[in-house]
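Here is a walk through a two-chain model, written for someone who likes to keep the coordinates open while reading. Load the structure and follow along.

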Amino acid sequence: MKKFIFSAVAMIAFVGSSVANNIAEVRSSVEYSKGETSSENQNTQMLLRMTKCDIIWFTTYVNAMEQFNNNKDIATSIALGAFQACVEVTEGDGGNQPAQPPVQSEIKP
Amino acid sequence: MKLLSTLFMIFSLCNSFAQADRKVAITYTVFFAEDDLPPNVYSHSINQKNGEIKFKLFINDSISFFLEDNGLSSSDLITKIVLAKAKYSNPIYCSNNEFLFNNNENFIFFKKNEYLISKKSIDNWKITDESKIIDGQLCYKATATDHQYTVEGKAAFPIEAWFCPSLPYNFGPLYYNNLPGLIMEISYLSNKLLATKIEYGFDEKKIVIPKGEKSILFDDYNLKEEQVLSEVEKEYNRR
């Protein structure tokens, strides 16, 4: 009986500490995303700030650069058209939302 | 040297007689080489706009204001592409050989009017003795170089302008001025802007001084834009 109780307590302690570690990782990742200074954090900031439509702008820009001999002026003009079309569509779906933060499974231990 | 002196004399004489006509509005029409762009889904529509897109240059004494003048079709994507191809993004105000304009809204990672960009007039004009008649006016050819920012970085490109000393306004379209006469025609990067109408007198309210949150030089702004674009690309590749 004593052995059983001891094992149970040990197991609870072990599982508890694993959960605590995971929570700490998630919290630290969330803390990073709230704006603490590190280059990783700044990158996460950019990632979180880029909306779906920003990404549409960028991919359209890259394609247009190829189509128009790397003419930046024309490429940004076409990219804006795609961005605006995206915003109009997403406004109907509840707004141009920021990109989702990385899911927990993507967080490296 | 003799040519320069003659031109200067003509320019000064016309200037002194033209004091009453210091407000002038010039319409420029855009022409471009149709085989300049690689064939794609937009080519046919872009070529149809050849000779249709217009700009207006307002000159009031020592100030000029240059903007596109296409009415409702300004919001048309193909019109925007042609304007972009002609290196135009926003109205350009000029005073004391300094051009002021806002950052291009096409680049969405800066806010609208976040920057007030300043660009100096080019000062490397070479006046030639070649001449031709444009709209009944005797014009002379001048050449210069300007620069733009490409994927390879800062790159120079040639400009060819035809100016008319009998029209004593040292202004021209886009970022080009500083010649002893109005620039009636200018060619650069496979674009040509040709003066197709001159009107005297206009409402001064048409000239609007642009405003921005932060002032920045043209070269610094382009470097900043490059930097942000590089960050965007990095983040896109991380996804």
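This is a predicted model: local features need pLDDT of at least 70, side-chain atom pairs count only at pLDDT 80 or more; totals for chains, interfaces and linings use all residues.

## An exposed leucine to start with

L4(B) counts as exposed, with 11 C-beta neighbours inside 10 Å; a residue is called exposed at 12 or fewer. L4(B) sits in helix α1 of chain B, which covers residues 2-17.

## Chain B as a whole

Zooming out, chain B has four helices and twelve strands. Its radius of gyration is 19 Å, close to the 18 Å that the globule rule gives for 239 residues, so chain B is as compact as a globular protein of that length. The C-alpha trace spans about 65 × 40 × 40 Å along its principal axes.

Buried residues make up 31% of the 239 in chain B. As for contacts, take those between residues at least 6 apart in sequence: 57% of them join residues at least 24 apart.

β7(B) pairs with β8(B) (residues 137-150) in the antiparallel sense over six bridges, and K126(B) has T143(B) in β8(B) as its bridge partner. Strands β2(B) (residues 54-60) and β3(B) (residues 63-68) also run antiparallel, joined by six bridges. These two form a hairpin with two residues between them, and D61(B) in the turn has a positive phi of about 60 degrees. N60(B) is bridged to I63(B) in β3(B). On to the next pairing: β3(B) and β4(B) (residues 92-95) are antiparallel over four bridges, with S64(B) partnered by C94(B).

## Core and a buried helix

Which residues touch the most other members of the largest nonpolar core? They are A161(B) and F163(B), in a core of 65 residues. Leaving out residues up to four places away in sequence, F163(B) touches C139(B), Y140(B), A142(B), L179(B), P180(B), G181(B), L182(B), I183(B) and M184(B). As a general point, nonpolar side chains tend to be buried together in soluble globular proteins.

Helix α3(B) is another place to look for burial. Seven of its nine residues are buried, so α3(B) is largely enclosed by the rest of the structure. After α3(B) comes K87(B), which has a positive phi near 70 degrees.

## Where the chains meet

Chain A has four helices and zero strands, and its elements run α-α-α-α from the N terminus on. Of its 109 residues, 20% count as buried. In chain A, 56% of the contacts between residues at least 6 apart in sequence join residues at least 24 apart.

At the interface, 21 residues of chain B are in contact with 22 residues of chain A. On the chain B side, α3 (77-85) and α4 (218-238) each supply at least two residues. That side divides into ten nonpolar, four polar and seven charged residues.

I108(B) lies in the loop between β5 (98-102) and β6 (115-120) of chain B. Setting aside neighbours within four places in sequence, I108(B) is in contact with D54(A), W57(A), L80(A) and F83(A).

Key:
Residues are numbered from 1 along each chain as its sequence is written. Chains are lettered from A and ligands numbered from 1 in the order in which they are written. Two residues are in contact if their C-beta atoms, placed from the backbone, lie within 7 Å. Ala, Val, Leu, Ile, Met, Phe, Trp, Tyr, Cys and Pro count as nonpolar, Asp, Glu, Lys and Arg as charged, and the others, Gly among them, as polar. A nonpolar core is a set of buried Ala, Val, Leu, Ile, Met, Phe, Trp, Tyr and Cys residues joined through C-beta atoms within 7 Å. The radius of gyration is taken over C-alpha atoms; the globule rule is 2.2 Å times the number of residues to the power 0.38. Two strands pair if DSSP finds at least two bridges between them.
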